[in-house]
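This report describes one protein model, starting with its aromatic rings. The remaining sections cover the fold, the surface and two single residues.

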Amino acid sequence: MLNSVIDPLSEIFLVEGEIDCLTMVQAGFNCVSLPSASSTLTPEQKEMLLEADKIFLAGDSDSVGSQKMQKLWAEILERPFLLKWPT
């Protein structure tokens, strides 16, 4: 669950896909994932994300993943950083 990973004193990465999340966790980052680009966050999940010190939206580099993270970035608007991968 989100609340078990989010620490108000550190950053959180939101990625697309559980494999990406597991890779980030293995590298030492706090991370949560969307199961796919078609998944949506509930208002409660967005509130939990906002408990983190910094939020990094790091979706896949394909158009669907980029659009999803762009949409989340516009919805959250408070502190997220939108990471864009090189083509």
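## Aromatic pairs

The structure holds 3 aromatic pairs. Rings of Phe, Tyr and Trp (its six-membered ring) pair if their centres lie within 6.5 Å; planes under 30 degrees apart count as stacked, over 60 as edge-to-face and the rest as tilted. Phe 13 and Phe 29 make an edge-to-face pair, at 5.2 Å centre to centre and 75° between the planes. This pair links distant parts of the chain. Phe 13 sits in strand S1 (residues 11-16), and Phe 29 in the loop between helix H1 (18-26) and strand S2 (31-34), 16 residues apart. Phe 13 is buried, at 10% relative accessible area. Phe 29 is partly exposed, at 35%. Buried means under 20% relative accessible area, exposed over 50%, and partly exposed in between (1.4 Å probe, protein chains only).

The rings of Phe 56 and Phe 81 are stacked, because their centres are 5.2 Å apart and their planes meet at 20°. Phe 56 belongs to strand S3 (residues 54-58) and Phe 81 to strand S4 (residues 80-82), so the pair ties together parts that are 25 residues apart in sequence. Phe 56 is buried, with 17% relative accessible area. Phe 81 is partly exposed, with 42%. Phe 13, Phe 29, Phe 56 and Phe 81 form one aromatic cluster.

## Basis of the model

This is a predicted model: local features need pLDDT of at least 70, side-chain atom pairs count only at pLDDT 80 or more, and totals for chains, interfaces and linings use all residues. Residues are numbered from 1 along each chain as its sequence is written, and side-chain values use heavy atoms, with hydrogens and water left out.

## Fold and dimensions

The protein has 3 helices and 4 strands. Read from the N terminus, the order is β-α-β-α-β-α-β. The radius of gyration is 12 Å, close to the 12 Å that the globule rule gives for 87 residues, so the protein is as compact as a globular protein of that length. The radius is taken over C-alpha atoms, and the rule is 2.2 Å times the number of residues to the power 0.38. Helices (H or I, at least four residues) and strands (E, at least two) are DSSP runs, numbered from the N terminus.

Along the principal axes, the C-alpha atoms fill a box of roughly 30 × 30 × 20 Å. Of the contacts with a separation of 6 or more, 62% join residues 24 or more positions apart. Contact means heavy atoms within 4.5 Å.

## Surface and charge

Buried residues make up 34% of the 87 residues. The accessible surface comes to about 5500 Å², and 57% of it belongs to carbon and sulfur atoms. Areas come from the Shrake-Rupley method with a 1.4 Å probe.

The protein carries 6 positive and 13 negative side chains, and the centres of the two sets lie 7 Å apart. Lys and Arg count as positive, Asp and Glu as negative; His and the chain ends are not counted. Each charge is placed at NZ of Lys, CZ of Arg, CG of Asp or CD of Glu.

Pro 8 lies in the segment before S1. Pro 8 is exposed, at 51% relative accessible area. Not counting residues up to four places away in sequence, Pro 8 touches Glu 51, Ala 52 and Asp 53.

Glu 18 lies in helix H1. Glu 18 counts as exposed, at 54% relative accessibility. Glu 18 and Leu 34 are 16 residues apart along the chain, and their C-alpha atoms are separated by 7.3 Å.
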